[in-house]
Amino acid sequence: MSSHLPDRPPRLVVALSYAGLIPFIALTLAIWLAPPVYIPELNLALNGYSAVILSFLGAIHWGLAMRANAPISPGLLVFSVLPALLAWLLLLIPMDLALLLFAAGFVLVYLVDYQAVRLNLAPVWYPGLRKPLTIVVVICLLLTAFSSNT
């Protein structure tokens, strides 16, 4: 990206990104602590939110591929729809396996984010923002997958 871009994310981007962790953390805690009667709905909520966010992260790459004044990257366009397709499929499989595959999906998207920066397609600060978010999301998904309540 051009040199006039900041090397740090805007504060609003950071705040909104970290706010996006609230459902992951709250649902993980609830699944571990709630009475069993609520667990199916909580698991469904976590899987649904995981699907939404994984799709959102893929869509970011659609935006990077379609940015103004740049040649369209077919590879990035193809990748950008894969997280949404994966997320949809994961909503159709058993919960414990889906949570593990969601975790893998978030790691994969992070690796592509990192590569997008190396190719000057994304801001230099993007992986630094995404890394701690991805770690928290993956921990939440793994804790839930390995709880006795999935």
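Predicted model: local features only at pLDDT ≥ 70, side-chain atom pairs only at ≥ 80, totals over all residues.

User: Which residues of H4 are buried?

Analyst: An α-helix has 3.6 residues a turn, so residues three or four places apart point the same way. In H4 the buried residues are Leu76, Leu77, Phe79, Ser80, Pro83, Ala87 and Leu90. Their cover includes helix H3 (39–65) and helix H5 (95–118).

User: Is His61 buried or exposed?

Analyst: Buried means under 20% relative accessible area. His61 has a relative accessible area of 0%, so it is buried. This residue is found in helix H3.

User: Which residues does His61 touch, leaving out those up to four places away in sequence?

Analyst: His61 touches Leu76, Phe79, Ser80, Val109, Val112, Asp113 and Ala116. Among the residues of H4 that are buried are Leu76, Phe79 and Ser80.

User: How many salt bridges does a search of the whole structure find?

Analyst: The search finds one. In a salt bridge, the side chains of Asp113 and Arg130 meet at 2.5 Å, N to O. Asp113 lies in helix H5 and Arg130 in helix H6, so the pair ties together parts 17 residues apart in sequence.

User: Are Asp113 and Arg130 buried or exposed?

Analyst: With the under 20% cut-off for buried, Asp113 is buried because its relative accessible area is 0%. Arg130 is buried too, at a relative accessible area of 5%. Asp113 is also one of the residues that His61 touches.

User: Which residues make the nonpolar surface patch?

Analyst: Residues count toward a patch when they have over 30% relative accessible area and no salt bridge. Here Ile25, Leu29, Trp32, Leu33, Ile135, Ile139 and Leu143 make a nonpolar patch of about 700 Å². The elements giving two or more residues to the patch are helix H2 (21–33) and helix H6 (126–145).

User: Which element gives the largest share of the nonpolar patch?

Analyst: H2 does, with four residues. Leu29, one of the patch residues, lies in helix H2.

Terms used: Residues numbered from 1 in each chain as written. Heavy atoms only, no water. Patch = residues over 30% accessible without salt bridge, like charges linked within 9 Å, V, L, I, M, F, W, Y side chains within 5 Å. Areas by Shrake-Rupley, 256 points an atom, 1.4 Å probe, with all protein chains shown as cover. Salt bridge = Lys/Arg side-chain N within 4 Å of Asp/Glu carboxyl O. Buried < 20%, exposed > 50% of the residue type's maximum accessible area, 1.4 Å probe, protein only. Contact = heavy atoms within 4.5 Å.
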